[in-house]
Each structure stands twice: as C-alpha cells, then as structure tokens.
Amino acid sequence: MRTLNFPRPPVSFLWLLPAIGLGLIAGLLPPLPALVLIGGMGLLIVTLIDPRIGLTVTLIVAPLKTLIETEAALKLPLDVGQIALLITLAAWLMRSIADQRRIGLRWSGVYLPLCAFLFAAALSLWGAVSPSATVNELIKWVEILLVMALVGSSGGGWWVAGTLLIAASGQALLGIYQFRGGSGAPHLWILEFRYFRAFGTFGQPNPFGAFMGLTLPLALGMSYGLAAAAWRKRNARFAAWAALTLAAAAFIGGGLIVSWSRGAWLGFASAILMLLLCAPRKRWMGVLLLVFVIGGVALSVVSGLAPASLVARITDFAQDLTGIEDVRGRAINDDNYAVIERLAHWQAALGMANDHPLVGVGFGGYEAAYPAYALMNWSMALGHAHNYYLNVLAETGIVGLAAYVGMWLAYLMLTLRALRLADPERGIALGLLGVWVHLAVHSLFDKLFVNNLFLHIGAMLGLITVLLHSGRVLERDEYDGT
C-alpha cells in the first residue's frame with residue numbers, strides 16, 4: 001500500500017501558529033490585559049534574542065510598581081517589575097540551555113556575603129510571627145542574588161550602569177515636574193505652599209529620594225572615570241560620554257533636592273565625602289580635597305550663603321533626633337510629628353529585639369509583630385522601623401544583624417579593591433563606593449529595599465562582579481605614578 005508523504009511545514013509557519021493564537025486571545029481581552037499579554041510576549045522574544053534587553057526593561061519599569069498598583073483598574077498577580085524579571089529569567093535560562101546545554105549563570109565568590117546573610121535571615125523562620133511574611137522577604141533577597149548573578153554573568157557593566165542612570169533620570173524629570181506644580185497633593189506642600197515634594201512613581205517622597213540618592217553617586221563616579229580616561233587618552237568619545245553622564249547626574253541631583261528627603265540628603269552628603277576622598281589615586285590629595293570642601297560648606301553655612309531652607313531642614317531634624325530616649329511622654333506637634341513617629345517605631349523595634357534577641361520575630365515580620373509593641377498614640381504600623389539596622393535586629397536578631405553588617409563591609413572592601421582598576425572602569429567602582437555609603441547612612445532613617453529598589457541594588461552589586469572579573473587592574477608603579 002502506498003503511503004502519502006506530506007511536506008513538513010516551514011519553521012516560519014510554525015512560529016505563525018502561536019502568533020495567531022496570541023492575537024485571538026488578545027482580541028478577546030480588555031485593552032489593558034491585552035497590552036500586558038502582548039508586551040510580555042514581546043519582551044520574551046527580544047530577551048531570547050539578547051537577554052540583556054530583558055534586564056534593561058526590568059530595571060526601567062520596576063519603579064512603576066506603586067503607580068500601577070494604585071492607578072490601574074486591572075489587579076495583576078505580580079507587579080510589573082516582578083513580571084519583567086520572571087520573563088527575563090525564563091528567557092535567560094532557555095537561551096543558556098539552548099546555546100550551552102547548561103545554565104549560563106557564572107558562580108563568583110562575590111556572591112558569598114549575600115548568601116551568608118540569606119542563610120542567617122532564614123534562621124528567623126524558627127518562631128516567626130508571620131512565616132508567610134518571612135518567606136516573602138527571603139524571596140525578595142533571593143531576587144537580589146539572581147539580579148546580581150544575571151549582571152555578573154553578562155560580562156558588561158556599562159550597559160547596566162547606563163540603564164540605572166536612564167531609569168533614575170526619567171524619575172528625576174517627573175519629580176521636577178511634580179515639584180513645580182504637577183503633583184497636586186495638598187499634604188506635600190513645602191516652602192510656604194509654593195512647591196510640592198516630589199515622589200516620581202513611588203507614591204511617597206522618601207523612597208523616591210532614596211532612588212535619587214543611590215543613583216547619583218554612580219552617575220558622578222562614571223562621569224569622573226570617563227573624564228579621566230578622556231584626558232589621559234585624549235579620547236573625544238570618552239569626553240562625550242562623560243558629558244552625558246554628567247547631564248544625567250544634574251537631573252538626578254535636581255530630583256534628590258526636590259524630594260525634600262532629609263535622610264536622602266544626609267546619605268548623599270556622606271557619599272559625596274567618600275567620593276572626594278577616594279577620587280584622587282593619591283590619598284593625601286583626597287584628604288586635602290575633603291578638608292577644603294568641608295571647610296567651604298561650613299563657611300557658607302556660618303556666613304549665611306547656604307540656602308536657609310535647606311539648612312533649617314537638616315538642623316531641625318538633627319535637633320529632634322538628639323537627647324530622646326523614650327517618646328511616650330513627648331509632646332507632638334506639626335513640626336516634630338514625622339520625627340517622633342520614626343522614634344516610636346525605633347522603640348518598638350528595640351522591644352522586639354529585647355524579647356527575641358537571637359533570631360528575631362521573623363524576617364519581614366515587623367509589621368505583624370508591631371501591635372504587641374506599639375506605643376501609645378502610635379498604634380498604626382508603618383511597615384518597618386524607619387531604621388533598617390533596628391529593623392534587621394528586630395526581625396532577624398543579633399545573628400541576622402551581624403550577617404547584614406558583615407555583608408556590606410565585605411562589599412565595601414571589594415569595591416575598594418576595584419578602585420585599582422584603570423579608567424574609565426574605575427569610575428564605576430568609585431560611584432559604587434558612594435552608593436554603599438549612601439545606603440549605610442540613609443538606612444539609619446529608612447528602609448530602602450522597597451518598591452523594587454532592591455532590584456536596582458542587586459544590579460549595582462552585580463557590577464562589582466563585572467569589574468573584578470573583567471577590568472584591567474593597574475600595576476603598583478602605574479598606580480602610584482598617576
């Protein structure tokens with residue numbers, strides 16, 4: 001009996017079938033779900049072509065989390081940043097397995113401090129007040145590790161650093177627009193009801209200010225490194241890139257100012273001091289530069305040349321935070337409300353740590369445990385202690401806090417080691433050094449791992465891996481001779 005042999009359909013025809021199916025499904029859905037579906041499939045396709053595109057999109061759309069959750073009629077099971085990250089991870093894994101027959105995430109010893117903290121935080125599951133909250137918080141830090149590994153395995157740091165500046169610049173421009181009247185939120189009036197505190201797409205000024213303050217040192221460090229390379233090599237291309245990154249720094253700096261966030265200001269002030277100290281390769285030059293700048297700032301404050309509104313904003317904050325041990329009897333007024341509220345949450349965190357000193361109430365469990373430790377007049381939990389060190393102590397105990405501080409000390413030392421790189425890569429290392437200092441100081445007053453900011457921090461951590469594995473380290477004589 002004779003069999004009929006049908007010709008095999010071309011590969012392009014096979015790709016057409018899911019495209020037709022996707023179009024039919026999108027046609028049956030409302031506009032927003034259809035847009036999400038088509039956008040997600042488009043992201044998957046371009047990420048399969050180049051996985052770096054997916055991570056770029058993730059870092060840019062991640063800050064939209066709060067805006068979409070509050071304004072969109074459709075409630076997504078995950079926020080847009082998490083969806084983009086999952087698509088990127090899936091595409092990366094499929095591409096790696098197809099090309100290399102293995103997962104293409106390269107292991108590095110740089111990941112060890114973060115893994116150690118994850119292990120210490122996981123111990124808090126023992127007796128956690130809210131195990132689900134602890135698991136969710138651990139997942140957040142696993143995502144930090146994954147983003148760090150994605151960046152570290154990509155082998156190219158400039159596109160990640162550039163993406164971070166693009167995302168921050170867009171937020172800064174939106175914030176400046178809000179400051180000049182585009183906000184309309186009455187509770188954010190400042191400067192005698194003439195302007196509004198900016199918040200970007202973060203919903204609140206403080207996390208917006210944190211994003212600006214974390215990214216600005218990186219922009220300044222990159223600009224410095226590119227300018228140094230342009231001068232040394234007489235390279236016009238480096239000079240053009242230095243000008244672009246400096247323009248981005250100007251936008252982001254404007255966003256930092258209009259956030260009116262004192263914690264972000266103090267964090268960036270500390271970061272800029274570190275940048276000034278470490279920018280020259282000869283340390284004595286950095287010390288002289290530091291003394292000169294500190295003296296100039298002090299003189300401008302004493303002489304009245306510094307903007308009075310900025311000086312008052314900082315000094316009032318500092319005065320309210322000194323000399324207060326127990327705020328239960330503290331008089332509350334419009335001027336000190338925010339500070340006393342913060343101190344009340346600090347006191348609650350210390351109460352949790354006192355009752356659970358070893359492994360805490362459970363990582364991410366501060367809000368669930370708060371009602372048992374709330375002070376009079378402060379029954380509503382803010383979600384965290386407004387001091388991340390106390391927050392970690394309350395949630396993970398002494399074990400977790402020691403691992404957290406040790407982790408950042410390790411990354412600080414690794415970044416200092418990367419300062420021996422040649423320019424312009426050294427500029428990224430210099431900027432990251434400022435980022436870690438800002439994070440350390442700002443964490444005294446707030447929790448910065450919110451609204452998907454932790455994905456950006458993971459990307460910055462990944463830059464350390466890229467620098468240490470691919471940058472050219474200067475020899476001793478070359479290093480001392482510059």
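Predicted model: local features only at pLDDT ≥ 70, side-chain atom pairs only at ≥ 80, totals over all residues.
The largest nonpolar core holds 88 residues. Within this core, Trp141, Trp408, Tyr411 and Phe449 touch the most other members. Helix H18, residues 453–470, supplies the largest share, with 11 residues. A second core is separate and has 20 residues. Among its members are Val327, Ile340, Leu343 and Trp378.

Apart from neighbours within four places in sequence, Trp408 contacts Trp436, Leu439, Phe449, Ile457 and Leu461. A search of the whole structure finds 18 aromatic pairs. Trp408 and Trp436 form one that is tilted. Their ring centres lie 5.2 Å apart, with 45 degrees between the planes. This pair links distant parts of the chain. Trp408 belongs to helix H16 and Trp436 to helix H17, 28 residues apart. Both Trp408 and Trp436 are buried.

Trp408 and Trp436 also belong to one aromatic cluster. Phe117, Trp141, Phe363, Tyr388, Tyr389, Tyr404, Tyr411 and Phe449 complete the cluster. Three residues of this cluster, Trp141, Tyr411 and Phe449, were named above for their contacts in the largest core.

Trp260 and Trp265 are both buried. They form an edge-to-face aromatic pair. Arg234 lies over the face of Trp231, 4.6 Å from the ring centre. The charged end of Arg237 sits over the ring of Phe238, at 5.1 Å from its centre.

Side chains of opposite charge can pair when their charged atoms come close. The whole structure contains 4 salt bridges. Glu137, Lys140 and Lys447 are linked in a network of such bridges. Lys140 and Glu137 meet with an N to O distance of 3.5 Å. Both residues lie in helix H7, residues 131–154. They are 3 residues apart, so about one helical turn separates them. Lys447 also bridges to Glu137, at 3.4 Å from N to O. Lys447 lies in the loop between helix H17 (425–442) and H18, whereas Glu137 is in helix H7, so this pair ties together parts 310 residues apart in sequence.

Glu137 is buried at 7%. Lys447 is buried at 10%.

Another salt bridge joins Arg281 and Asp423. Their closest N and O atoms are 3.7 Å apart. Arg281 lies in the loop between helix H11 (262–278) and helix H12 (283–303). Asp423 lies in the loop between helix H16 (388–418) and H17. The pair therefore ties together parts that are 142 residues apart in sequence. Arg281 is buried, with a relative accessible area of 12%. Asp423 is likewise buried, at 8%.

Ser108 occupies the loop between helix H5 (80–100) and helix H6 (112–122). Its relative accessibility is 4%, so Ser108 counts as buried. Setting aside residues up to four places away in sequence, Ser108 touches Thr465 and His469. Ser108 and His469 are 361 residues apart along the chain, yet their C-alpha atoms are separated by 9.2 Å.

Conventions: Residues numbered from 1 in each chain as written. Heavy atoms only, no water. Helix = DSSP H or I, 4+ residues; strand = E, 2+ residues; numbered from the N terminus. Buried < 20%, exposed > 50% of the residue type's maximum accessible area, 1.4 Å probe, protein only. Contact = heavy atoms within 4.5 Å. Core = buried A, V, L, I, M, F, W, Y, C linked by side-chain atoms within 4.5 Å. Salt bridge = Lys/Arg side-chain N within 4 Å of Asp/Glu carboxyl O. Phe/Tyr/Trp six-rings, centres within 6.5 Å; stacked < 30°, edge-to-face > 60°. Lys NZ or Arg CZ within 6 Å of the ring centre and 35° of its normal.
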